[in-house]
Each structure stands twice: as structure tokens, then as C-alpha cells.
Amino acid sequence: QVQLVESGGGLVQAGGSLRLSCAATGRTISSYTMGWFRQAPGKEREFVARSRWSGLITYYADSVKGRFTISRDNAKNMVYLQMNNLKPEDTAVYYCAADRTGDREYDYWGQGTQVTVSS
């Protein structure tokens, strides 16, 4: 069993930056694909970014490409999401998730951290 805890959310002005962290406990996530998702009020949860186990292969939603960067430190069991040039439409609860087998079926989810971008 893996527990995921996100942190780093907050209120920021448009154009600003935030760095989200996801701390994993219970098992090592070094072999897992790790992802970030978000859910805005009244909308469905959507994919933001994911990182294959090594961190060398990453994928991004078109809406965040060039602004967000996913990274990981397997030695520390941590995953990060650096968010730059934030926009009001990035406002959402951000979730960290772990995919054990790389099949894009995420097995473990965190509780989420709120990101609010003011215009």
C-alpha cells in the first residue's frame, strides 16, 4: 500500500509560480509511473502530467506544456510539479497519483492540494 500526500498549494497571482510536492510512504515508488491530475469546480478530473519510473520520459497535457514540469526524486520517494506562468484557469485541486504497472490505471491517490490563481 502506498500513501501519497501533496503539499505546496496556495494562492498566487496570474503569472506566478508554485511548486507542488508529493510525498510517498509505505512502499518505494521508484518503479511506478507517477502522475499529477487536477479538478476544477464543476469539472471532471483531468490529466496534467506524468513521469515514467526513471523520470526521463514525461508527458503533459497540452494546456500546461511549456509551463509545468514534473520531476521526481526516487531516493526520497518524492514527486514534484513545478508550475510557472500560472493562469486563472489553472485553479483546481491538484492530485498526485501512482500507477504500479504503467498502464495508466492509477492505483493510489493523494488527498489533493488547492491551487488558486487570481487574475
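This is a predicted model: local features need pLDDT of at least 70, side-chain atom pairs count only at pLDDT 80 or more; totals for chains, interfaces and linings use all residues.
## Nonpolar core

The largest nonpolar core holds 30 residues, and the members that touch the most others are Leu-4, Trp-36, Leu-81, Met-83 and Tyr-94. Several strands each supply at least two residues of this core, among them strand 3 (18–25), strand 4 (33–39), strand 8 (78–83) and strand 9 (92–99). In soluble globular proteins, nonpolar side chains tend to be buried together.

Around Met-83, leaving aside residues up to four places away in sequence, the contacts are with Gly-16, Ser-17, Leu-18, Leu-20, Arg-67, Phe-68, Tyr-94 and Val-115.

## Strand 4 and its partners

Strand 4 is mostly covered, with 6 of its 7 residues buried. Strand 4 runs antiparallel to strand 9, to which 7 bridges join it, and within strand 9 the residue opposite Thr-33 is Asp-99.

Strand 4 also pairs with strand 5 in the antiparallel sense, over 5 bridges, and here Gly-35 stands opposite Arg-50. The hairpin formed by strand 4 and strand 5 has 6 residues between the strands, and in this hairpin Gly-42 takes a positive phi near 75°.

## Surface patch

Leu-56, Ile-57 and Tyr-59 form a nonpolar patch on the surface, and together they have about 320 Å² of accessible area. Ile-57 lies in the loop between strand 5 and strand 6 (58–60), and this residue counts as partly exposed because its relative accessibility is 40%, a value that falls between the limits of under 20% for buried and over 50% for exposed.

Note on methods:
Residues are numbered from 1 along each chain as its sequence is written. Side-chain values use heavy atoms; hydrogens and water are left out. A nonpolar core is a set of buried Ala, Val, Leu, Ile, Met, Phe, Trp, Tyr and Cys residues joined through side-chain atoms within 4.5 Å. Buried means under 20% relative accessible area, exposed over 50%, partly exposed in between (1.4 Å probe, protein chains only). Helices (H or I, at least four residues) and strands (E, at least two) are DSSP runs, numbered from the N terminus. Contact means heavy atoms within 4.5 Å. Patches are made of residues with over 30% relative accessible area and no salt bridge: like charges are joined within 9 Å, nonpolar side chains (Val, Leu, Ile, Met, Phe, Trp, Tyr) within 5 Å. Accessible areas come from the Shrake-Rupley method with a 1.4 Å probe; for residues, only the protein chains shown count as cover. A salt bridge is a side-chain nitrogen of Lys or Arg within 4 Å of a carboxyl oxygen of Asp or Glu. Two strands pair if DSSP finds at least two bridges between them.
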